[in-house]
Structure formats: structure tokens, C-alpha cells
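Subject: Structure handover

Dear colleague,

Here is the structure for your files.

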Amino acid sequence: MAQETMSADAWGAVLNLPGPVSEAVHRRAMADPDYASDLLACKDTPVFRDFLLGEEPPAPSHGSLALIGGAAASTVKWAVSGFANVDDETYRRRLDTCAACKHQKIRPQQAVYALAGTEENICGLCGCLLRTKARQAHARCPDTDPANPGHDRWGGAKT
């Protein structure tokens, strides 16, 4: 079975675990080929395997002040828009796009995220909370759509 399509249950079986790997390990193994390769190389050495299973992913390079400033600016834009949110179909489409994106990251153990009171994933490019950003009508994906360079991955025009 190709590691790009392995379920959490399949990862657990391959790694000789009594059940599936955690959601965080599964997402990281799907997004990071080096991590997946390391897991497979250590599958028969529990001490190393278990270390990798418990290892936190590297923190993004987003400083807390920059994240707070970005959140404040986004909140002002959202307020100016009348706190407009996208419809449910657009929201689901945006989340699906984020779920398939290589930049989606597990929320790091950083105080600014703990203050947000949520466990949702973040965008590795901008540091935003994915579910929160995807819901806001004014928000745009920071990455360019490789199939349509004039647009972001959510289909919005790049400005």
C-alpha cells in the first residue's frame, strides 16, 4: 500500500501498533515523506518508533507578535465586511482544499494559539487557524493555485 494513501488504521498495522496512529501522526505522515520514511524504517524498533510517534512537529516560523497583528488586521477587515461569512458549500470547498494542501500544519504549542482556545490546524504559510479563516468571506488563501496562477488555491483572484 502506498504511504500517500494509507489510513490511520493501516499506519497502525504497518507500525505494529495495537490500533491506529493518532490523527496528528497520520496527518504528518501524509504531509511529510521524510517523517513517513523514518516511521517505516523504525517500525521494528519500538523505542525509536515510539519516539517518532510522540515527537511534536517543528513549530512554524511565525512569531507571536506577527500572528497577533495579522489576526487583529483580519478581524478589522471582517468587521468592515459586516462579519460576513461564506456559505456552507464554499466553506466545505475551502476546507477540502486546505486538507489536501502541503502547507496545512498541526497547531504548534505556542501561547498565541493556546489563547485562541482551539485545536484546529493552521496554514503553514500565514499561521492562520484554518477553520476560522476558511469561514470568513474576506479571507484569501496565501498560496497561488498551480493550475491557475492568477488565483489563490480557494479560487480567489490574486491581488
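A search of the whole structure turned up 1 cavity of 30 Å³ or more. A cavity here is a set of points, on a 1 Å grid over the protein atoms alone, where a 1.4 Å probe fits but cannot get out; a pocket is an open set with protein on both sides within 12 Å along at least five of seven lines; and lining residues have an atom within 4 Å of a point. Grid points are joined across faces, edges and corners, and a volume is the space filled by probe spheres set on the points.

This is a predicted model, in which local features need pLDDT of at least 70 and side-chain atom pairs count only at pLDDT 80 or more, while totals for chains, interfaces and linings use all residues. Residues are numbered from 1 along each chain as its sequence is written, and side-chain values use heavy atoms, with hydrogens and water left out.

The volume of the largest cavity is about 130 Å³. It is lined by 15 residues, of which Cys98, Cys123, Leu130, Cys141 and Pro142 are the closest to its centre. H6 and H8 each contribute at least two lining residues; helices are DSSP runs (H or I, at least four residues), as are strands (E, at least two), numbered from the N terminus. Sorted by class, this lining holds 9 nonpolar, 3 polar and 3 charged residues. The classes are Ala, Val, Leu, Ile, Met, Phe, Trp, Tyr, Cys and Pro as nonpolar, Asp, Glu, Lys and Arg as charged, and the others, Gly among them, as polar.

The largest pocket contains about 610 Å³ of space. Its lining has 22 residues, and Leu67, Gly70, Ala71, Ser74 and Cys128 are the closest to the centre. At least two lining residues come from each of helix H5 (64-80), helix H7 (111-116) and helix H8 (130-135). H5 gives the largest share, 9 residues. The pocket lining divides into 12 nonpolar, 7 polar and 3 charged residues.

Salt bridges

The whole structure has 5 salt bridges, each a side-chain nitrogen of Lys or Arg within 4 Å of a carboxyl oxygen of Asp or Glu.

Glu23 pairs with Arg27, with the closest N and O atoms 2.4 Å apart. The two are 4 residues apart in helix H2 (residues 23-31), so about one helical turn separates them. Glu23 is exposed at 59% relative accessibility, whereas Arg27 is partly exposed at 22%. Buried means under 20% relative accessible area, exposed over 50%, and partly exposed in between (1.4 Å probe, protein chains only).

Asp50 forms a salt bridge with Arg49, where the closest N and O atoms are 2.9 Å apart. Asp50 is partly exposed, with a relative accessible area of 40%, but Arg49 is buried at 9%.

Asp88 bridges to Arg135, the closest N and O atoms lying 3.2 Å apart. This pair links distant parts of the chain, with Asp88 in helix H6 (residues 88-99) and Arg135 in helix H8, 47 residues apart. Both residues are partly exposed, Asp88 at 47% and Arg135 at 24%.

Cysteines

The count of disulfides (pairs of cysteine sulfur atoms within 2.5 Å) is 0. For Cys98, the closest cysteine sulfur is in Cys141, 6.2 Å away, which is too far for a bond. Cys98 is buried, with a relative accessible area of 9%. Cys42 is also buried, at 17%.

Regards
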